[in-house]
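Take a look at the fold shown below.

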Amino acid sequence: MAEHQANACEILSVFYSSRHPAIEHLFVIFNFDFSNSICSGWQFAIAMVSKCFNVRCDFCGQSIMIFRMKKLKKILLILAILFLTFFIIICIPENRKEIKTKHFTFLFSSSIDTIKIAELSDVLEGNYLRIGNDLKTTPADNIETNIYAQRWRYIKATKNWGGSGNIEGISKLHFVEQAWGETDIKKVAVHEFAHTVTLKLLLDHEPQPINSKDFDKKFSTFPTWLWEGISVYEAQQFVDPKSLPFLSNGSYPNIAELNNRSKGGKIYKVGFSVIEYIIDQYGQQKLLELIISYGNISKVLGVTEDVFSKDWYNFVKQKYLK
Ligand SMILES: [Zn+2]
């Protein structure tokens with residue numbers, strides 16, 4: 001039985017010469033090997049072969065399935081129907097409900113229980129003055145709070161693929177009902193609301209009238225560790241340091257690591273104690289100065305970032321790791 005090796009060049013040539021009379025059969029080859037890590041998952045290849053059903057993979061040389069073109073046409077048709085169905089579903093606007101409270105307007109998927117929204121509104125209204133007072137600013141008057149039952153609807157509305165919530169200026173919040181890494185939707189809501197209050201504080205200290213383009217550029221430099229730290233602290237998203245191996249074994253993160261959301265998002269786990277440490281050691285006023293200075297630790301706290309991280313870790317050790 002003839003044997004043929006598929007490679008990337010052939011994949012291209014078949015694509016562009018599939019009507020050539022010399023081609024007797026056009027096969028789509030799905031190569032899979034679950035036992036061998038060389039080929040992880042599915043390798044997709046198209047190869048031109050003649051009466052050949054034994055096609056070897058260049059990568060692992062194992063397990064191959066062959067589909068004739070007829071089957072490929074069926075598969076493509078099914079995929080096209082699925083894609084069209086999906087496209088129609090995402091284009092149908094969602095049925096949403098609205099509830100207004102003193103400072104918030106809740107717009108939420110109709111499948112979310114109204115009682116849940118009522119509980120959420122109590123929590124947000126209860127935190128409205130408290131967080132405004134903590135950060136010495138007045139939050140926006142009426143905050144549009146969008147809550148999504150499905151993550152894809154949240155992504156469609158916000159274009160935010162990596163998170164479970166975000167803000168749009170000082171008067172708009174978005175978040176999903178089921179957040180990643182946080183089971184309590186009330187904390188997610190307070191966390192996002194605290195972001196709007198932090199942003200309001202920054203805007204209060206900008207020369208008026210604000211040039212939004214210049215401000216956006218400046219705001220993009222605001223450090224993640226402080227931005228997320230404040231929200232984690234205000235939403236009481238405390239994670240016991242004893243449960244975090246990198247704290248109990250002494251390899252505490254530095255500021256650069258806390259600024260990196262993609263490297264395990266450590267700021268979400270330690271943000272509470274970082275802000276708690278600043279308030280405990282330096283006071284609320286210094287925290288506000290730190291925010292207004294865009295996290296300039298050496299200027300506001302008079303220590304280097306490395307010393308700050310070390311001192312914070314000692315505080316954590318004393319208070320939580322004994
Ligand atoms: Zn956040």
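The expected span of a helix is 1.5 Å times one less than its number of residues. Keep in mind that this is a predicted model.

**The helix H3**

Start with helix H3, residues 114–134. H3 has 21 residues. From its first C-alpha to its last, H3 reaches 30 Å, close to the 30 Å expected at 1.5 Å a residue. H3 also bends, by about 35° at Tyr-128. Tyr-128 is one of the buried residues of H3. Ile-117, Leu-120, Ser-121, Leu-124, Asn-127 and Ile-131 are buried too.

What covers these buried residues? Just after H3, Lys-136 takes a positive phi of about 50°.

**The sheet**

Now turn to the strands. Strands of a sheet pair through backbone hydrogen bonds, either parallel or antiparallel. Here, an open sheet of 5 strands has the order E6-E7-E8-E10-E9. Its pairing is mixed. E6 and E9 (165–167) stand at the edges. Each has a single partner strand, so one side of each is left without a neighbour in the sheet. From one strand to the next, the twist averages 15°.

| Strands | Sense | Bridges |
|---|---|---|
| E6 and E7 | antiparallel | 5 bridges |
| E7 and E8 | parallel | 5 bridges |
| E9 and E10 | antiparallel | 3 bridges |

Individual residues show how the strands line up. Arg-96 has Ser-109 in E7 as its bridge partner. Phe-106 has Thr-145 in E8 as its bridge partner. Gly-165 stands opposite Phe-175 in E10.

How many residues does the hairpin from E6 to E7 pass through? The hairpin joins E6 to E7 through 3 residues. E7 and E8 (residues 143–148) run parallel. Together, E7, H3 and E8 make a left-handed β-α-β unit.

**Helices on the sheet**

Two further helices meet these strands. Helix H4, residues 151–158, lies across E7, E8, E9 and E10. H4 runs at about 150° to E10. H5 packs on the sheet as well, touching E8, E9 and E10. The direction of H5 makes about 25° with that of E9.

Technical notes
Residues are numbered from 1 along each chain as its sequence is written. This is a predicted model: local features need pLDDT of at least 70, side-chain atom pairs count only at pLDDT 80 or more; totals for chains, interfaces and linings use all residues. Helices (H or I, at least four residues) and strands (E, at least two) are DSSP runs, numbered from the N terminus. The bend at a residue is the angle between axes fitted to the seven residues ending there and the seven starting there. A residue is buried if 20 or more other C-beta atoms lie within 10 Å of its own, exposed if 12 or fewer, and partly exposed in between; C-beta atoms are placed from the backbone. Two strands pair if DSSP finds at least two bridges between them. A crossover is right-handed if, with the strands pointing away from the viewer, the path from the first strand over the helix to the second runs clockwise. Axes are lines fitted to C-alpha atoms, for helices over the stretch in contact, and angles run from 0 to 180 degrees between N-to-C directions. Two residues are in contact if their C-beta atoms, placed from the backbone, lie within 7 Å.
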